[in-house]
Structure formats: C-alpha cells, structure tokens
Amino acid sequence: MQIHGRLNTTQRFMSFAKVLQCPTIPLSNGLKIPIVGLGTSHDGGYTHDSVVYALKECGMRHIDTAKRYGCEENLGKAIKESGIPRSDLWLTNKLWPGDYGYSAAKKACMESCAQMGVEYFDLYLMHWPEAKHPVGSNREMRAETWRALEELYKEGVCRAIGVSNFLVHHLEQLKEDSSVVPHVNQVEYHPFQQPNKLTDYCRQESIVFEGYSPLAKGQVLRDPTVLRIAEKYRRTTAQICIRWSIQNGVVTIPKSTKKKRIQENFQVFDFHLEDSDMAVLGGLHDGRHVTWDPTNVE
C-alpha cells in the first residue's frame, strides 16, 4: 500500500494548513483518502471549537463522523465556519444499523447530507455487520443495504462506499452478493488489537484498512513499552501510536476535543519509527477490544 507525500519539518511549519501535508492512500477507485483524520463521537467526543481549530489551524482535512454520534448538524456548521472549501475536505459518515434495508438506507444517507449541509460524502460506511431491526438473515440485510450504497455511489452521493467492523466472512459474503467491493473497512486497530488476518485479507482484495480507537481509549498511553519508545523519539505516546499505524499503511482517526492534543496528533509526518521499534509495538497485541467486538455476528 503506497503512502504519498512525506513531509519534512521545514515544510510542515512553512505552511501547516496545506492539505497536501497529510499523506494519502489511494482507494481502488482512484480517490485518495488522507491517512490521518479527526474522529468524532457521542458522549463528549465532539466540540464545535475543536473541529474549527483542527480545520483552520492544524491543516486537518479528513473528518470522520456517524449518524449515531448525533453531531451531524453541528459538524456541518463548524465546517462552514472554518471557511475550508468542501472540495478540499474528506468527509466520512456512517449508516446506523437501525437504518439498514434498501429504502431506509437511501433515505438515511440523504437525511445525513441535509443535516450536514453537504451534497455528497467522500466515504459512506455501513457501521456494523448486523441490522438492528432485521427482516431476514444478517447476510440478506447486509446485501440489501449494500445495494442501496452501490446506487448512492453510482449517483455520486457517495464518492466511495465501505463498511465498518466487518470481519473476513462478512466481506466474503458481501463480495459474493454484490458488484462493488467495499473501498474501505474501518475497524478497531491499535497495538493491543491487531487483526492481521483481516488486514491481510483487505489488502489482498484492494480494500483500504482504516483503524479507529488508535490509542485504545487511552489504555495504550500508559504502557511502559510505548512510554519508553516515546522517550527515545521525544514524542508523545499518542504520536508514537499514530505513527505506528500509518507506517503500517493504516488510515487512522484519532479523536480529541483538546486543541493541544489535536495538533500533536497531526504532527506525525516529520519522524519515522525504526523497524525494531515497529516490531516491538507489533508485539504488544493481546487481542483486547476497547469497543465493539463483531466476532459473534454471523
């Protein structure tokens, strides 16, 4: 997987707000997704000022949200206030499982566009492999919902489509039941949770792997090994974990509402982790989940 646009320190400080400062990864349809984005969420994971700051002062151009988070309207206002042209942004949104099914999915996507005041999403994901109100099997609901996303993709409402929290068997079934392979699979990914079988499968199928919760909800920040590596590079533990993700070719969306943390999380393009340190961090996998676990979803 190719990463474009590595920067040196001088370039970063000359014009920190330029979108090209963030390397990108190509999707199978030719679009390029910024490898670092700002994650949002419910339960205190969103503030207006932090989004405006990330866009205007830190050069962030990739924002990840979901209907589930309840901040679509406010996020749209923050984007407008930032003054950043829509064409310069990468906006990812997600379809909640309560809106699965062909008609419900199309309606929900258009409603989300209206809530955010945009005409299209750069990436639209099925949030979970299981429907909240199933009419038929999970596989049938995924296929029916995906058919709606395929149409939204062909209509240009979604420039790319994908899934979140899908495992290999979910992806295999979707491949058999559809005509468009997901462009992205967004899954929990951090040093304690490294689903290598899934990442290998995604790369084999030209599905970009995107990781959420890159800091394991803060758990990894206190790990002695990560602390030692952070001291070696004179970086924060968060920067070490984010850099580890992107050196693994994983799109990552760290979440913070604190301006200092947002800026630090984006300042990860002017250093490189040595292979030995990448291997040490890779050895921290213990299989823990800090969020949803889709293992038992058929």
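This is a predicted model: local features need pLDDT of at least 70, side-chain atom pairs count only at pLDDT 80 or more; totals for chains, interfaces and linings use all residues.
Is Asn-165 buried or exposed? Keep that residue in mind; the tour returns to it.

**Whole chain**

Color by secondary structure: the chain has 11 helices and 10 strands. Draw a box along the principal axes around the C-alpha atoms, and its sides come to roughly 55 × 40 × 35 Å. A compact globule of 298 residues would have a radius of gyration near 19 Å, and the chain agrees with this at 18 Å.

The accessible area is about 12900 Å². Carbon and sulfur atoms account for 48% of that surface. Of the 298 residues in the chain, 57% are buried.

Now show contacts. Take those between residues at least 6 apart in sequence: 74% of them join residues at least 24 apart.

Color by charge next. The chain carries 36 positive and 35 negative charges. Their mean positions lie 6 Å apart.

**Cysteines**

Select the cysteines. How many disulfides does a search of the whole structure find? The search finds zero. A disulfide is a covalent bond between the sulfur atoms of two cysteines. Two sites show how the distances fall out.

Go to Cys-58. The closest cysteine sulfur belongs to Cys-22, 12 Å away, so the pair is too far apart for a bond. Cys-58 is buried, with a relative accessible area of 0%.

Move to Cys-158. Here the closest cysteine sulfur is in Cys-109, at 3.7 Å. The cut-off for a disulfide is 2.5 Å, and 3.7 Å is too far for a bond. Cys-158 is also at 0% relative accessibility and counts as buried.

Most residues other than glycine have a negative phi. The next two stops have positive values.

Select Asn-165. Look in the loop between β7 (161–164) and α6 (168–177). Phi of Asn-165 is near 65°, a positive value in a residue other than glycine. Here is the reply to the opening question: Asn-165 counts as buried, at 1% relative accessibility.

Jump to Lys-217. This residue sits in the loop between β9 (208–212) and α8 (224–233). Lys-217 is not a glycine, yet its phi is positive, about 55°. With the surface on, Lys-217 counts as exposed, because its relative accessibility is 58%.

Select Arg-86, in the loop between α3 (72–82) and β5 (90–95). Is this arginine, Arg-86, buried or exposed? Arg-86 counts as buried, at 19% relative accessibility. The cut-off for buried is under 20%.

Which residues does Arg-86 touch, leaving out those up to four places away in sequence? Show Leu-91, Val-118, Tyr-120, Phe-121 and Asp-122.

**Helix α4**

Finish at Ala-104. Select helix α4, residues 102–116, and find Ala-104 within it. Ala-104 counts as partly exposed, with a relative accessibility of 31%.

Ala-104 and Thr-145 are 41 residues apart along the chain. Their C-alpha atoms are separated by 8.3 Å.

Terms used:
Residues are numbered from 1 along each chain as its sequence is written. Side-chain values use heavy atoms; hydrogens and water are left out. Helices (H or I, at least four residues) and strands (E, at least two) are DSSP runs, numbered from the N terminus. The radius of gyration is taken over C-alpha atoms; the globule rule is 2.2 Å times the number of residues to the power 0.38. Buried means under 20% relative accessible area, exposed over 50%, partly exposed in between (1.4 Å probe, protein chains only). Contact means heavy atoms within 4.5 Å. Accessible areas come from the Shrake-Rupley method with a 1.4 Å probe; for residues, only the protein chains shown count as cover. Lys and Arg count as positive and Asp and Glu as negative; His and the chain ends are not counted. The place of a charge is taken as NZ of Lys, CZ of Arg, CG of Asp or CD of Glu.
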